[in-house]
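This briefing covers a salt bridge, a cavity, a helix and a nonpolar surface patch, in that order. Please read it beside the sequence and the model.

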Amino acid sequence: VYIWFGALKLLDASPANPLAADLLQRTLPFITFSQFIIFLGIFEILIGLFFLMPRAQKISLIMVIPHILVTTGPLLLLPAVSWSGFMIPTLEGQYIIKNVLILALASVIYVENKKLI
């Protein structure tokens, strides 16, 4: 999923690009969207690639933390985009909330890797 979604960002084909642009404008307006989306796309692809390499999974787990913080930001910073009512996410909000699932999955991978060591 990380490789796929990262590639979509690099190809300017991600349906999340407008959401990323809104968030960027609100948080880091001094960075151009084209610079940010290329960085984010490459960052996501690297996370995905590192998850596929057992010896690099720890790196991917570390990279997931800032990624999740950034990608869940719209839940608080762009409430009109993320929520249609109290605890009723919009389609964009659901897209963002799935990142919580990714964080849970990353945590399980981390714990399982600790057991193997």
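K9 forms a salt bridge with E44, the closest N and O atoms being 3.0 Å apart, where a salt bridge is a side-chain nitrogen of Lys or Arg within 4 Å of a carboxyl oxygen of Asp or Glu. The pair joins distant parts of the chain, with K9 in helix α1 and E44 in helix α3, 35 residues apart. This is a predicted model, in which local features need pLDDT of at least 70 and side-chain atom pairs count only at pLDDT 80 or more, while totals for chains, interfaces and linings use all residues. Residues are numbered from 1 along each chain as its sequence is written, and side-chain values use heavy atoms, with hydrogens and water left out.

**Salt bridge**
- The structure holds 1 salt bridge.
- K9 counts as buried because its relative accessibility is 6%, and E44, with a relative accessible area of 4%, is buried as well; buried means under 20% relative accessible area, exposed over 50%, and partly exposed in between, with a 1.4 Å probe and protein chains only.

**Cavity**
- The structure holds 1 cavity of 30 Å³ or more, a cavity being a set of points, on a 1 Å grid over the protein atoms alone, where a 1.4 Å probe fits but cannot get out.
- About 240 Å³ of space lies in the largest cavity, the volume being the space filled by probe spheres set on the points, which are joined across faces, edges and corners.
- The largest cavity is lined by 20 residues, of which K9, E44, T71, Y95 and N99 are the closest to its centre; lining residues have an atom within 4 Å of a point.
- Two or more lining residues come from each of α1, α2 (17-27), α3, α4 (57-71) and α7 (91-116), and α7 gives the largest share, 5 residues.

**Helix α3**
- Helices are DSSP runs (H or I, at least four residues) numbered from the N terminus.
- The 20 residues of α3 should span 28 Å at 1.5 Å a residue, which agrees with the 29 Å between its end C-alpha atoms; the expected span is 1.5 Å times one less than the number of residues.
- Among the buried residues of α3 are F36, L40, F43, E44, I47 and F51.

**Nonpolar surface patch**
- I3, L10, I38, I42, L46, L49, L52 and M53 make a nonpolar surface patch of about 660 Å², patches being made of residues with over 30% relative accessible area and no salt bridge, with nonpolar side chains (Val, Leu, Ile, Met, Phe, Trp, Tyr) joined within 5 Å.
- Helices α1 (2-10) and α3 (33-52) each supply at least two residues of the patch, and α3 gives the most, with 5 residues.
- L49 lies in helix α3 and counts as partly exposed, at 37% relative accessibility.

Technical notes. Patches are made of residues with over 30% relative accessible area and no salt bridge: like charges are joined within 9 Å, nonpolar side chains (Val, Leu, Ile, Met, Phe, Trp, Tyr) within 5 Å. Accessible areas come from the Shrake-Rupley method with a 1.4 Å probe; for residues, only the protein chains shown count as cover. On a 1 Å grid over the protein atoms alone, a cavity is a set of points where a 1.4 Å probe fits but cannot get out, and a pocket is an open set with protein on both sides within 12 Å along at least five of seven lines; lining residues have an atom within 4 Å of a point.
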